[in-house]
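This report concerns the nonpolar core and the pockets of one protein model.

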Amino acid sequence: MNLQEVLNSGDLYQVGKWTDEHYFEYLQQMEEYNAAGYTAEGQAKKAAILRRLFAEVGENAYIQAPYYAMWGGRHVHLGKNVYINFNCTLVDDAEIYIGDGTMIAPNVTIVTASHPLSPDLRAQGYGYNSPVWIGKNVWIASNVTILPGVHIGDNTVIAAGSVVTHDLPAGVFALGTPARVVREIGPEDEVFYRHGMRAEDHLVQAP
């Protein structure tokens with residue numbers, strides 16, 4: 001198997017012995033992104049780094065610096081209009097797919113890598129990975145952790161502080177540790193946005 005097949009296979013492998021000759025260049029580019037600032041020049045530099053560094057970057061995708069990634073984001077696929085807020089951690093040893101329009105709040109961690117319970121295997125440096133798939137128009141609130149192999153369906157909302165250990169279907173509100181489905185997102189959510197408050201009564205028009 002080649003490197004990408006090993007990293008995404010779910011098989012045990014000795015982590016330090018399977019790497020990319022450009023690995024530290026990826027991390028350096030991540031550091032440059034985080035230091036680029038918010039001038040027009042800095043924003044242009046960040047956009048160029050994302051396009052060069054990440055596996056895929058859709059139109060208008062953006063990450064608030066700083067972010068942290070094991071491979072700098074090399075194995076992360078961003079759809080169109082993805083927004084990732086401050087201090088996101090992407091353990092991207094395997095692929096991470098984030099669908100169009102998804103919003104990720106501060107301090108979210110998305111993990112693809114793990115290690116065996118066996119002390120002997122861990123001492124030999126073995127680990128294994130499982131890709132993570134996040135659908136379109138998902139909202140992941142602050143301090144959520146998503147564990148390896150998880151699939152999250154389109155339009156789902158995950159409450160702050162949740163730990164997602166298993167797949168979540170499309171169109172649901174989930175919370176807790178481990179995250180559980182509380183209810184489906186339905187027509188009433190198009191009318192009321194917060195504790196009985198009607199959205200149409202509280203829409204602020206852009207200047």
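The model is predicted: local features need pLDDT of at least 70 and side-chain atom pairs pLDDT 80 or more, while totals for chains, interfaces and linings use all residues. Numbering starts from 1 along each chain as its sequence is written, and side-chain values use heavy atoms, without hydrogens and water.

**Core.** A nonpolar core is a set of buried Ala, Val, Leu, Ile, Met, Phe, Trp, Tyr and Cys residues joined through side-chain atoms within 4.5 Å; buried means under 20% relative accessible area with a 1.4 Å probe, protein chains only. The largest such core has 42 residues, and Y67, L78, I98, I110, I134, I140 and I146 have the most contacts inside it. Elements giving two or more residues to this core include α1 (3–7), α3 (40–53) and β4 (67–69); α2 gives the largest share, 4 residues. Helices (H or I, at least four residues) and strands (E, at least two) are DSSP runs numbered from the N terminus.

**Pockets.** A pocket is an open set of points on a 1 Å grid over the protein atoms alone, where a 1.4 Å probe fits, with protein on both sides within 12 Å along at least five of seven lines; lining residues have an atom within 4 Å of a point. A volume is the space filled by probe spheres set on the points, which are joined across faces, edges and corners.

| Largest | about 610 Å³ | 22 residues |

W139, V157, I185, D189 and Y193 are the lining residues closest to the centre of the largest pocket. The largest share of its lining, 3 residues, comes from β21.

Key
Buried < 20%, exposed > 50% of the residue type's maximum accessible area, 1.4 Å probe, protein only.
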